[in-house]
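This briefing sets out selected local features of one protein model. Please read it alongside the sequence and the coordinates shown here.

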Amino acid sequence: MTHTTSYDVLIVGAGHAGAQAAVALRQRKYEGTIALLGDEPDHPYERPPLSKEYLSGDKPFERILIRPPAFWDERAITLLPGRRATHVDPIAKTVTLGDGSTIGYGSLVWGTGGSPRRLSCTGHALRGVHAVRNRADVDRMIAELPGVSRVVVIGGGYIGLEAAAVLNKLGKHVTVLEALDRVLARVAGEPLSRFFEAEHRAYGVDIRLEAKVACIEEHDGAASGVRLIDGEILACEMVIVGIGIEPAVGPLLAAGAEGDNGVLVDAFCRTSLPDVFAIGDCAAHANAYAGGAVIRLESVQNASDQANVVARTITGDPQPYHAVPWFWSSQYDLKLQTVGLSAGHDAVIIRGEPATRSFSLIYVKDDRIVALDCVNATRDYVQGRALIGLLAPTDHADLASPAIPLKETAARLQ
């Protein structure tokens, strides 16, 4: 067995969650040794720009780094790039890597995110079929783009729509295939779905709803088209698959951690294994803004806030996680900002006119305001945070009128 190096805190996963955990520990004057282990060769970088500014070429890689390279040395944070954790021994408190070496830990922070869900049909691994999860994924796409005129995007979630907007801007003919009856069906109300469908179609994107994929067609080892179950073939040179992620928690579950779709954590982001925490996309937790349901939140907000919870716990000042979820998406000149969780809503209040391309949706569940989707309406987004959890008025007129600031309505409801 290779000699074991040990750190007081070993962080596995060098994305937003892992990087922020290391940063937060040093901000809280933690003096122990910290190592940040990631399976990519790069310094920690931001993920949301991958499907937007990085793919479009508007931001070079250096501008999406979470911190400048020198930062990590200056804070005595050891980076261990290009390494994958394959096994956790919670008794010996060691992590085994793919090369067979082991690393010991005092506390282990697991922030590995997830792997893109792959298609299971014939042709899913052909050249020209891509996911958008890390820099290498997008670099491969960028390298192929000069020879691409037609792109099929499978999945009408945020990643798929953001990529479609960028590729449309780059002059490609883009078709988006969504298996459900509307885009964004899992995360937004129907008015927002229909708005974004109309916007993409206005830019020339072909949006196909209730579209089921049979296989990827092949020519000379590369994708040449997508065959639908009705037999239609959509010719293309590139396929982008955006159908969600599988949380990367295999080693923790194998070590006995509780979980299934992600690893289960408590309010302090502790797993059922001693001195092992999990944060970010891979952490399943009971969320107050989801009515106490156990969920995973795939967002920068959740990654950063859970990282801060862990840093406080390790440094002796534990505070439970209770952050209001927020998300954002950029498509064309549209900035969507979301606060709260709209799942299970039973009423939607449209604030403003979607035709103006500046409006908000206010979601109500069991007579309480649970979320807002704000399109080119930053003031609503900022002020709407105060509405989350408040009893909605029976008369929705004030909420529906952009002339009445949401902070005034919030003050009256509190």
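The structure is a predicted model. Strand S13, which spans residues 222–228, is mostly covered, with five of its seven residues buried. Arg 26 is likewise buried, yet has no salt bridge.

**Strand S13 and its partners**

- Strand S12, residues 213–219, pairs with S13 in the antiparallel sense, and six bridges connect the two.
- Within this pairing, Val 226 of S13 is the bridge partner of Ile 216.
- The hairpin of S12 and S13 has two residues between the strands, and Asp 220 there adopts a positive phi near 55 degrees.
- S13 also runs antiparallel to strand S14, residues 233–235, to which three bridges join it.

**Salt bridges between separate parts of the chain**

- Asp 39 and Arg 84 form a salt bridge through their side chains, with an N to O distance of 2.9 Å. Asp 39 belongs to the loop between strand S2 (34–37) and helix H2 (53–56), while Arg 84 belongs to the loop between strand S3 (77–80) and strand S4 (85–89), so the pair ties together parts that are 45 residues apart in sequence.
- Asp 39 has a relative accessibility of 41% and therefore counts as partly exposed. Arg 84, at 52% relative accessibility, counts as exposed.
- A salt bridge also joins the side chains of Glu 162 and Lys 52, at 3.1 Å from N to O. Because Glu 162 lies in helix H5 (residues 158–169) and Lys 52 in the loop between S2 and H2, this pair ties together parts that are 110 residues apart in sequence.
- Both Glu 162 and Lys 52 are buried.
- The side chains of Asp 398 and Arg 412 meet at 2.4 Å, N to O, in a further salt bridge. Asp 398 is in helix H10 (residues 397–400) and Arg 412 is in helix H11 (residues 406–413), so that the link spans 14 residues.
- Asp 398 is partly exposed, its relative accessible area being 28%.
- A network of salt bridges links Arg 28, Arg 312 and Asp 317.

**Arg 26, a buried charge without a salt bridge**

- Arg 26 is located in helix H1, residues 16–27.
- For Arg 26, the nearest side chain of opposite charge is that of Asp 8, 7.4 Å away. A salt bridge requires a separation within 4 Å.
- Beyond its neighbours within four places in sequence, Arg 26 is in contact with Glu 31, Gly 32, Thr 33, Ile 34, Arg 75, Ala 76 and Ile 77.

**Ser 342, a buried loop residue**

- Ser 342 lies in the loop between strand S23 (334–340) and strand S24 (347–351).
- With a relative accessibility of 10%, Ser 342 counts as buried.
- The Ser 342 side chain reaches the backbone oxygen of Val 187 at 3.3 Å.
- Apart from neighbours within four places in sequence, Ser 342 is in contact with Val 187, Ala 188, Tyr 363, Val 370 and Ala 371.

Key. Residues are numbered from 1 along each chain as its sequence is written. This is a predicted model: local features need pLDDT of at least 70, side-chain atom pairs count only at pLDDT 80 or more; totals for chains, interfaces and linings use all residues. Side-chain values use heavy atoms; hydrogens and water are left out. Buried means under 20% relative accessible area, exposed over 50%, partly exposed in between (1.4 Å probe, protein chains only). Helices (H or I, at least four residues) and strands (E, at least two) are DSSP runs, numbered from the N terminus. Two strands pair if DSSP finds at least two bridges between them. Lys and Arg count as positive and Asp and Glu as negative; His and the chain ends are not counted. Contact means heavy atoms within 4.5 Å. A polar contact is a pair of N or O atoms within 3.5 Å; within protein, one must be able to donate a hydrogen and the other to accept it, and residues adjacent in sequence count only if both atoms are side-chain atoms.
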